[in-house]
Amino acid sequence: MGIPEERIDRLHALAREAAENGEFDRSREYVRLARRIAQRHRCGLPREFKRFTCDRCDVYLRPGANARVRLQSGHVVIQCDCGEIARYPYE
Ligand SMILES: [Zn+2]
């Protein structure tokens with residue numbers, strides 16, 4: 001595989017796909033691997049990756065599959081099935 005950013009993009013897609021198929025543990029493995037690569041190469045993670053991964057259980061969040069999304073006073077609120085809640089400013 002190529003440069004770290006490309007590997008991360010690939011893992012991002014795989015994690016999303018696994019979550020869509022209900023393979024949440026597999027999705028977690030891809031997410032954790034991508035995070036390790038970003039850390040090792042200090043290259044950061046795409047914003048979408050950070051927003052759609054659970055900080056507690058590492059799963060990739062797919063609304064309707066394992067996450068709920070709602071809007072609340074100017075924020076996007078994403079709740080993982082594990083209970084973790086993340087809020088981001090609405091854009
Ligand atoms: Zn979670």
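The site of the zinc ion is tetrahedral, with angles of 105 to 114° among its four donor atoms. Four donors count as tetrahedral if all angles lie between 85 and 135 degrees. For four tetrahedral donors, the ideal angle at a metal is 109.5 degrees.

This is a predicted model, in which local features need pLDDT of at least 70 and side-chain atom pairs count only at pLDDT 80 or more, while totals for chains, interfaces and linings use all residues. Residues are numbered from 1 along each chain as its sequence is written, and side-chain values use heavy atoms, with hydrogens and water left out.

**The zinc site.** The SG atoms of Cys54, Cys57, Cys80 and Cys82 coordinate the zinc ion at 2.3 to 2.4 Å. Donors are N, O and S atoms within 2.8 Å of the metal (3.2 Å for Na, K and Ca); water is not among the atoms, so sites may look incomplete. Along the sequence, the donor residues follow the spacing C-x2-C-x22-C-x1-C.

**Accessibility.** Buried means under 20% relative accessible area, exposed over 50%, and partly exposed in between (1.4 Å probe, protein chains only). The table applies these classes to several residues.

| Residue | Relative accessible area | Class |
|---|---|---|
| Cys80 | 5% | buried |
| Cys82 | 29% | partly exposed |
| Arg7 | 28% | partly exposed |
| Phe52 | 24% | partly exposed |
| Tyr60 | 0% | buried |

**The aromatic pair.** Rings of Phe, Tyr and Trp (its six-membered ring) pair if their centres lie within 6.5 Å; planes under 30 degrees apart count as stacked, over 60 as edge-to-face and the rest as tilted. By this rule there is one aromatic pair. Its members, Phe52 and Tyr60, count as stacked because their ring centres are 6.4 Å apart and their planes lie at 25°.

**The nonpolar cores.** A nonpolar core is a set of buried Ala, Val, Leu, Ile, Met, Phe, Trp, Tyr and Cys residues joined through side-chain atoms within 4.5 Å. The largest has 12 residues, including Ile8, Leu11, Ala34, Phe49 and Tyr60. Helices α1 and α2 (24-41) are the elements that give two or more residues to this core. Apart from it lies another core of 10 residues, among them Cys57, Ala67, Ile78 and Ala86.

Beyond its neighbours within four places in sequence, Ala34 is in contact (heavy atoms within 4.5 Å) with Ile8, Leu11, Leu45 and Phe49.

**Arg7.** This residue lies in helix α1 (residues 4-20); helices (H or I, at least four residues) are DSSP runs, numbered from the N terminus. The C-alpha atoms of Arg7 and Ile37 are separated by 8.2 Å, although the two residues are 30 residues apart along the chain.

Notes. Tetrahedral: all angles 85-135°; square planar, octahedral: opposite > 155°, others 65-115°.
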